Amino acid sequence: MLERLHEIIDQRLLSALFQPIIDMHSGDIIGYEGLIRGPSNSPLHSPLKLFKVARLHNLSVEVEHLCRHVVMEQFAKAGLPGCLFLNVSPGALVQRAARLGETLRYLHELGINPRRVIIELTENEPTYDYEVLRTAAMHYREMGFQIAIDDLGEGFSSLRLWSELRPEYVKIDMHFIQGITQDPMKLQFVRSIQQIAQQTGCIVIAEGIETQAELLTIRDLGISCGQGYHIGRPSANPALALAPELTKTLRREKVTTDAGAAGRNNATVLKLLRVVAPISPEMHNDEVYDMFVNDPQLQTIPVVNNGMPVGLINRYAMVERFARLYGRELYGRKSCTFFMDPQPLLSDQHASLQELSHMLVEAESHHLANGFIITNDGRYLGMGTGHDLLREITRMQIDAARHANPLTQLPGNVPINEHIDYLLQSGVRFCICYCDLDHFKPFNDVYGYRKGDDVIQMTGRLLSRHVDGSQDFLGHIGGDDFLIMFQSEDWEQRCLAILDDFAASTLDLYNEEDRATGGYFSEDRRGNKVFHPLVSLSIGAVKIEPLQYTSPHQIASVATRAKKLAKKKAGNTLFIEQRKTATIIEASAEAAGITIDETPAPLPLRQPLTSV
């Protein structure tokens, strides 16, 4: 093996493959991870075997150095767009200055701007000297590189590395991505990583996406970027754009995991995030001009100083000035701030798309063409374009008109079924609650249909106040029927609060006499006077376990049964299926004047297992 290894090093018998990394919202390829392979007819073809033998004979530094050169050479030769994710071990990162400067010099020889290179730390051994590692990472950043941590969740100390280095990117290990639609624990892990990343301004990349279900789940969790065989296999000549069918799949609307009271209209600016590498104010205009020339798709470049955005450089403004007589000679060596717009439009990642739209309307017209900078607590996160915003706003308006209930503007039957189907595919636990008004028809007859519409709209607003927009979904089936899909752990308490709120809110609907008597008389079809109680709300709740049901129709069936059982009790009622005890709930309900009941669950509706 040592003999073969020396032969590989001496004759540079390595080849590079490149796997695309995409923006999960737009489908655009943001860059490629460079992967290495030994000779195809050699037992050292596998990189795992190659580096194992290299470590055994203390040749890791030489092999890694050669790998780096081969990847950079073939990346430049292939003319690939976007960024290059270059694998580097922590040990190699902290080498002496001779090695540190060599990568930068070689990039300049190849014509690759270091700002296009992301150093991806691959952890194949424990890392203990974090102080030295932080210093080395800072040195690389000063040269223009960005930092990524590979295989988050898999290595010896990847979470500690994240905390110490504050990388621009983290890549979630494929173990947590593959099978995420059937494993609630993996889903929760990825969701937690995404929440941490949002708070720290870090971009998450999900590795190992191998199925369409995994692709959609990752997208719906809000993960920025993805990589895996379903997107594109490693290749010496990788595609320059995502396959059209995958782009169509990514852009196809589907109710998201974070859908809330208003369904799909709760999107934030983060949904428009595009990964654009920033530049520092010290960069010369010549370098910026070359960036525009080398990337025809690049329209604006953000200027960032110590993580804080200070301006934007527009492609056409710079090219137009350079095209003038002696333009490049006059301005080429000046700071890029000379052509910078020092007052770009800034928007926090948590702002709603409606808020951003109002900002653009009130701002000067050039901001629509320049785009806007997306920030996290004031620090640079990425870019957004006016085109993407207009497309998303238009889609939301069309989608809302097509699928919303016209009376409450809540999602109707189509998005309700889509969301149930998505939850089933994701394999998460949730509780479905069927909410129905009791004695509503007599109220409609006595007080009129306009007052009846007021009751339905009031109920929709009331339910919206008691759901968590980040994880619960509220839909309006039609008439006086509503469905809530709770992922909130405290869904029982939320249901009790709904009933309590409903009891207090509906008193103003009646005249004093009807309130005093607790109901009203009306004639039935035969002309007889019949007494009807005040309108109340019944909620039938069913807890849904992973793999328990297989279709929205089965879910609808058990939810309808629970609702019917709830309506058998007088007054505002919460009926819960599949509960063994309800002592705490009953005590709370008694204080609120609410009826609560429970019953053994029906047999699960399962599909028979088949052999595979």
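Q: Which exposed residues sit on the face of H18 turned away from its buried side?
A: Lys-441 and Asp-445. Exposed means over 50% relative accessible area, buried under 20%, with a 1.4 Å probe and protein chains only. Helices are DSSP runs of H or I with at least four residues, strands are E runs of at least two, numbered from the N terminus.

Q: What kind of model is this?
A: A predicted one: local features need pLDDT of at least 70, side-chain atom pairs count only at pLDDT 80 or more, and totals for chains, interfaces and linings use all residues. Residues are numbered from 1 along each chain as its sequence is written, and side-chain values use heavy atoms, without hydrogens and water.

Q: Back to H18, which of its residues are buried?
A: In H18 (residues 440-447), they're Phe-440, Pro-442 and Phe-443. Down the axis they fall within an arc of 160° (from directions to the C-beta atoms), so they line one face of the helix.

Q: What covers those buried residues?
A: The cover includes strand S14 (430-438), helix H19 (449-465), strand S17 (519-523) and strand S18 (529-533), with contact meaning heavy atoms within 4.5 Å.

Q: New topic: in the largest nonpolar core, which residues touch the most other members?
A: Val-190, Ile-218 and Ile-432, out of 90 residues. Such a core is a set of buried Ala, Val, Leu, Ile, Met, Phe, Trp, Tyr and Cys residues joined through side-chain atoms within 4.5 Å.

Q: And where do Phe-440 and Phe-443 go?
A: Into another core of 33 residues, apart from that one, with Leu-499 and Leu-534 also among its members.
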